[in-house]
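Subject: Structure handover

Dear colleague,

I am passing on the structure we spoke about, together with some notes on what turned up in it. Please keep the view open while you read, so that you can follow each point along the chain.

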Amino acid sequence: MRFPILVCDDSMMARKQVVRHLAKNADFDIYQAANGQEAINILAQQEIGLLCLDLTMPVIDGVGVLEYIKEKKIECFVVVISADIQPEMKEKVMNLGALTFLEKPVATDALNDVMHKFGIR
């Protein structure tokens, strides 16, 4: 079975960067969402193993998605990828269940390290 990954970011360029890195591994099914509402719609219909999540987005932001995941008790790894690097925000997303926080633009080595650490790759 292929591992399902959802990349959620309102920036198409940021999504493409993450998808390009992930697409190197043929064992992934990669879904994309341009905002938090689209991510929630996908999470409600499709089992997702890893969510790469931006924080600052229209409609519903990344915090709203994390709150939805927690409320619905959805089991999936969440890696926050954001330019919002304030310590308070990092603490908040970690308390909501994110595995880690990576700064934008995401370094492929950093994403690789996280995936290896949690056995995703």
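Helices and strands here are DSSP runs numbered from the N terminus, a helix having at least four residues and a strand at least two. Please also bear in mind that this is a predicted model.

The peptide bonds hold a point of their own: Lys-104 and Pro-105 are joined by a cis peptide bond, with omega at about -10 degrees. Pro-105 belongs to the loop between strand 5 (100-103) and helix 5.

Turning to the sheet, 5 strands form an open sheet with parallel pairing, in the order 2-1-3-4-5. Strand 2 (28-33) and strand 5 stand at the edges with a single partner strand each, so one side of each is left without a neighbour in the sheet. On average, and with direction ignored, neighbouring strands of this sheet are turned by 20 degrees against each other. Strand 1 (residues 3-8) pairs with strand 2 in the parallel sense over 6 bridges, and Leu-6 has Tyr-31 in strand 2 as its bridge partner.

Helix 2 (residues 36-45) packs on the sheet, where it touches strand 1, strand 2 and strand 3, and its direction makes about 160 degrees with that of strand 1. Helix 5 packs on the sheet as well, touching strand 1, strand 2, strand 3, strand 4 and strand 5, and its direction makes about 165 degrees with that of strand 5.

Finally, a search of the whole structure finds 2 aromatic pairs. One of them is formed by Phe-77 and Phe-118, which are tilted, at 6.1 Å centre to centre and with 45 degrees between the planes. Phe-77 lies in strand 4 (residues 77-82) and Phe-118 in the segment after helix 5 (108-117), so this pair ties together parts that are 41 residues apart in sequence. Phe-77 is partly exposed at 29% relative accessibility, and Phe-118 is partly exposed with a relative accessible area of 28%.

How values were computed. Residues are numbered from 1 along each chain as its sequence is written. This is a predicted model: local features need pLDDT of at least 70, side-chain atom pairs count only at pLDDT 80 or more; totals for chains, interfaces and linings use all residues. Side-chain values use heavy atoms; hydrogens and water are left out. Rings of Phe, Tyr and Trp (its six-membered ring) pair if their centres lie within 6.5 Å; planes under 30 degrees apart count as stacked, over 60 as edge-to-face and the rest as tilted. Buried means under 20% relative accessible area, exposed over 50%, partly exposed in between (1.4 Å probe, protein chains only). Two strands pair if DSSP finds at least two bridges between them. Axes are lines fitted to C-alpha atoms, for helices over the stretch in contact, and angles run from 0 to 180 degrees between N-to-C directions. Contact means heavy atoms within 4.5 Å.
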